[in-house]
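Please open the structure in a viewer and keep the selection tool at hand.

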Amino acid sequence: MSSVYALLFIVATMVLVLGLARKIAQYAKTPAPLKIPTTPAPVTQFGVVLRMCREVMFFESLFKSTKWTWIFAWMFHFGLLLVLLRHLRYFIDPVWLPIRLIQPFGKYAAFAMIAGLAGLLIRRVFVDRVRYISAPSDYLWLLLLLVIGISGAAMTFVIHTDVVAVKRFFTGFWTFSGGDLPMDPILLTHLTMVVVLMLLLPVSKLLHIPGIFFSPTRNQVDDPRERRHLVEWAGKLEDS
Amino acid sequence: MAKAEFETPKLSEHIEVPDLVEGTMEHITCFVAKPEHQEALGFPGEKVENWKEVAIDKMGDLLSRYRSFQVFMDACVKCGACTDKCHYFLGTQDPKNMPVGRQDLLRKVYRRYFTFAGKYFPKLVGAVDISEEIVDDWYSYFHQCSQCRRCSVFCPYGIDTAEISMAAREILDTIGIGQKYCNEIIGKVHKIGNNLGLPGPALADTLEGLEEDVYDETEVAVKYPLDVKGADILLVTPSADFFAEPHVDGLIGYGKVFHEAGVSWTMSTKASEAGNFGMFIGSYENMRRVSLRIREAALELGVKRIVFGECGHAWRIAYSFLNTLAGPFDFLDPDYPVPQHICEFTLNEIEQGTLEFDKSANDEMSITFHDSCNVARASRMGDAPGGQFEIPRQVIKAVVNNYHDMEWDTIHERTFCCGGGGGLLTDDLMEIRVKGAKPRMSAFKNVMEEKGVTHLAAICAICKSQFTKVFPYYGMDMFQIVSVHQLVSNAIVMNRKTPPEAAPDYDEDGDE
């Protein structure tokens, strides 16, 4: 059974990495023929970096839009970030100092993550406009993440699993030398859902993760009068 | 196509988010372009036989040429942030007028043909096959988007529905179902030089009439030159400025400013149109062809600078795209930005002290300013971000005594569209134009009641025409819309007098 999970994680990691790389390459390769930053926009490259940081770290545009969605979305994403950083301890030995330091916060961040997801789910069900635009997959993603979050928190706070064995497994699964996973139903649920998430991420709306960095309305410098912007296919029109 | 009866929305004190009512605007269809309009632009005259294939192929082509389209199709998480941001949704309650609702009309087909999930699990992700009904929805709802970009301000990924509606219209054009209004107009520009199809002699006549009017009013011989070689400045202005009200009062204002500034300037028959509807239909090729006229005119006339008159989408294309489409402009004077907005020019002269104003000339009015979408969210003026908000206001405040802004969440980058932009300024779309104007009308009515504002000033030809039409639906007067340079024109003191011996004799000339 443990080898099945090892295999699953190997496949899932490869799908995730290659799938994301494929999409990132596609985004990078596709030209943006016109200057379309949503203005007012930064007039320097450094300004664009700051705008992108505000967007990625604080969800600036969403904050302008709707405070409830912003609060839930930010709780979920920031909670998830801390939880993921905390999880690095299961993959590295010795555990880096910063990862050790965030351990207490990372543990409780699970609650922020779960609360944020619950808020987003409630909004999706009860706000008629959001319900209208939701496909089944939109609900399923929230449920999947909730199952991951709740099962994870359950192992931290309610029914502990054998984390030493888990760590042994994850430091050696690449070579099938990680030993046995505890056959603990909560742990197996948690891991199975994580595998599903990793497999589906590159073919889903979770592509907003790389997408934001390639969004021309956010990543372009507002300098069209100063610098001529011309992509290859548009340049070819000039030769004809 | 019978004209539907419709009710003008009631204005409320606050802009309220309405409940959804599906299908309220399904019946909206604007006139379809005739074969000759289509073919002049390089599109098939009629709906092609294998339209499904052609549409999907075109979608694939656009996905590979426009990063915006590809990323925006993928990145939406259906968070709902945009759902209450579109003026057309707020005015119609139709969920397909929510930005994401509109995008999804295209996205559900994208997912079906271009994504793993949509190919194998269509129901799960809401993917559907292309069909007659889908294409009808595209034609209807992508002509209910004014490409104002308000949604893109609030989207956490910057998804801009304007980009998606441009792509949709290009797909529709490619399968032979274009919009008459836009495509006929683009044809006129290609053929004659402006959206209205005004030929050179008519233009010269109109401008001479203006000179006469201004002389009668001021006793100063202000020139409105056309095709003058060797002038310093080429003014490119929307053709509505040549005769529509209140546009023409703005044009009179530009002329007075140039006169007082003592610069030599000209307009051009070839580039007698600042507008460029090629953007509305998403066609890079047509937009480029229209833009190249301006380059050609500048070269032929040997000007040193290019200045654009008051026009919203024209300024977007001028500021953001002109250098790309028709550049490089290395033959112009490098000391000035290419191009310059007339408000930038006027403010610069004000700051240098070359212009004198008598603000009391505007005292019977109290003014508020409408930020036009394409200026506010797709361009800039001046050197600093946000100059597009400050510079027109500074110009207005220099020439009027009474000025008040509308509510903060209806101006600047949050401004509400007039309801007539993006290729919707046609009578066959009057219902959506009136309903889409509701949020702007609400904010204007509030500032009228609270601050005693009487007039709305704008720097966009489409906004001006649209307000002239929709004000009466909301119980306002069509003359409550004014051009910014009309206010300048009212207040400017003409210090460069015309000596009596140089006085033009219009009576004789006028008969020619």
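## First stop: a histidine in a loop

Select His412(B), which counts as partly exposed, with 18 C-beta neighbours inside 10 Å. A residue is called buried if 20 or more other C-beta atoms lie within 10 Å of its own, exposed if 12 or fewer, and partly exposed in between, with C-beta atoms placed from the backbone. His412(B) is not a glycine, although its phi is positive, at about 55 degrees. The loop that holds His412(B) runs between helix H18 (387-399) and helix H19 (430-436) of chain B. Helices (H or I, at least four residues) and strands (E, at least two) are DSSP runs, numbered from the N terminus.

Before moving on, please note that this is a predicted model, in which local features need pLDDT of at least 70, side-chain atom pairs count only at pLDDT 80 or more, and totals for chains, interfaces and linings use all residues. Residues are numbered from 1 along each chain as its sequence is written, while chains are lettered from A and ligands numbered from 1 in the order in which they are written.

## Second stop: a lysine with positive phi

Select Lys78(B), in the loop between helix H3 (67-75) and H4 of chain B. Is this Lys78(B) buried or exposed? Lys78(B) is buried, with 21 other C-beta atoms within 10 Å. Its phi is near 60 degrees, a positive value in a residue other than glycine.

Select Gly327(B) and Pro328(B), which are joined by a cis peptide bond with omega of about -5 degrees. Pro328(B) lies in the loop between helix H15 (312-326) and strand S4 (340-341) of chain B. Then turn to chain A and select Thr39(A) and Pro40(A), where a cis peptide bond has omega of about 0 degrees. Pro40(A) belongs to the loop between H1 and helix H2 (45-58) of chain A.

Select residues 99-114 of chain B, which form helix H5. At 1.5 Å a residue, its 16 residues should span 22 Å, and the end C-alpha atoms are 21 Å apart, which agrees. The expected span is 1.5 Å times one less than the number of residues in the helix. Now centre the view on Leu105(B), where H5(B) bends by about 40 degrees. Of the 16 residues of H5(B), 13 are buried, and the helix is thus mostly covered.

Select chain B, which has 23 helices and 7 strands. Its radius of gyration (taken over C-alpha atoms) is 23 Å, close to the 24 Å that the globule rule gives for 512 residues, so chain B is as compact as a globular protein of that length. The globule rule is 2.2 Å times the number of residues to the power 0.38. Along its principal axes, the C-alpha trace of chain B spans about 85 × 50 × 45 Å. Buried residues make up 57% of the 512 residues in this chain.

## Last stop: where the chains meet

Select chain A together with chain B. How many residues does the contact take from chain A and from chain B? The contact takes 55 residues from chain A and 59 residues from chain B, where two residues are in contact if their C-beta atoms, placed from the backbone, lie within 7 Å. Among the elements of chain A that each supply at least two residues to this side are helix H1 (2-29), helix H4 (67-87) and helix H7 (136-157).

Terms used. The bend at a residue is the angle between axes fitted to the seven residues ending there and the seven starting there.
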